Amino acid sequence: MTIDFNSNADIIGRADINDIDAILAMPGTDPAEIEHVVKDNADAIFTWDYSLARPALRKLYEKAKTGQWNGTTDLPWHTDVDVERTVALDQAVLGTGFDQSVYVGTAVEKWGEKEWLEFGIESRNWTLSQFLHGEQGALLCTAKITETVPWYDAKLYASTQVVDEARHVEVFARYLEEKLGGGYHINAHLRALLDDIINDSRWDMTYLGMQVMVEGLALAAFGFLHQTTGEPLLKQLLRYVMSDEARHVAFGVLSLKEVYEGMTDAELKDRQEFAFEAAVRMRDRFMSQEVWERMGVDVKQIAPMVLADPTRGLFQSMLFSKIVPNCKKLGLLERNDQWLRRRFEDMGVIQFEDWADTGEEYAAFALDAETPTPVAGE
Ligand SMILES: [Fe+2]
Ligand SMILES: [Fe+2]
């Protein structure tokens, strides 16, 4: 049987994943927008089978009940955050995250400490803002999963994740408001991705889009910031959020493994394409075009250089260090003549395929775990 694959143009709207014009053609979101409506196209499913059919999910549910924390009382909100100082200190340890020699002929070529610091502060604000909007996406997705998943054990678990995500929205929103003085509107690529996930009528797609792709990336990004920032409130906030997120990704991996094992090649093809599309959209958002614009830089001029910047590339590929092994565990890489493996090769992220998958390692992220927070690849 031959599988008729869609082309890149059909899936992501462009033949070349690095087509800068196409990436930047997505119109920005309106900062004045207060509400955004998405049709969720799904049936709410009752089940009358209350038996313990999936012990692994029930175990996660028990972990979730004892892993709850309180965003109001468990974090040191009294911490005085001097954002200029904390970003300067973080940059002193890590650098700017960019190789300045790449940006010849642009305004960035002449940037000194002052401009990089300003860029670092805007980037911190932008990054945490996108985390916040992503957390709200997770809140809506897990409310949807509670309704749409046909399995009793999964409904119980998903309900705990709704509370977890509410807490994450709460703490990121509070940090941005109280410590950074407000944030950025949602990035257009992130919003398009969240829209696609919520819009899909198939219940397993909510899991794949949110639990595996968005949360997999979030876990890697939170881990990176947690390890590198010296700001104590943010560090603890991320540590607490990560203890929940690792469970969430495990929920996705455990559930989907069962579903995908029974799927035909054609059905799996849809999932592979969906995962690829999500991966590209997430990568595109890390172009952080709104930050460049605020800094007065011509995004169109600088975008190809950002894509070619080796320091940047290293950071971006690290963001896929959880997604790729989780996709491998789900069998998404190999099916249909290794279609998704080849796409991840094109994106330069396949090297993570044998890193720990989150179906196994979530216990190490628990707040009472004796081992230190694992870093990607350990
Ligand atoms: Fe979350
Ligand atoms: Fe989550």
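A residue is called buried if 20 or more other C-beta atoms lie within 10 Å of its own, exposed if 12 or fewer do, and partly exposed in between, with C-beta atoms placed from the backbone. The model is predicted, and local features need pLDDT of at least 70, side-chain atom pairs count only at pLDDT 80 or more, and totals for chains, interfaces and linings use all residues. Residues are numbered from 1 along each chain as its sequence is written.

Helices are DSSP runs (H or I, at least four residues) numbered from the N terminus. Helix α3 comprises residues 55–66. Within α3, L57, L60, Y61 and A64 are buried. These residues lie on the same side of α3, because they cover an arc of only 105 degrees around the axis, the arc being that of the directions from the helix axis to the C-beta atoms. P55, E62, K65 and T66, on the other side of α3, are exposed. The buried residues of α3 pack against α6 (152–179) and α9.

L256 is located in helix α9 (residues 232–261). L256 counts as buried because it has 24 C-beta neighbours inside 10 Å. Apart from neighbours within four places in sequence, L256 is in contact (C-beta atoms, placed from the backbone, within 7 Å) with D204, Y207, L208, V212 and L330.

A nonpolar core is a set of buried Ala, Val, Leu, Ile, Met, Phe, Trp, Tyr and Cys residues joined through C-beta atoms within 7 Å. The largest has 75 residues, and V212, M213, L217, A275 and C327 have the most contacts inside it. Helix α8 (residues 203–228) gives the most to this core, with 15 residues.

Conventions
Chains lettered and ligands numbered in written order. Helix = DSSP H or I, 4+ residues; strand = E, 2+ residues; numbered from the N terminus. Contact = placed C-beta atoms within 7 Å. Expected span 1.5 Å × (residues − 1).
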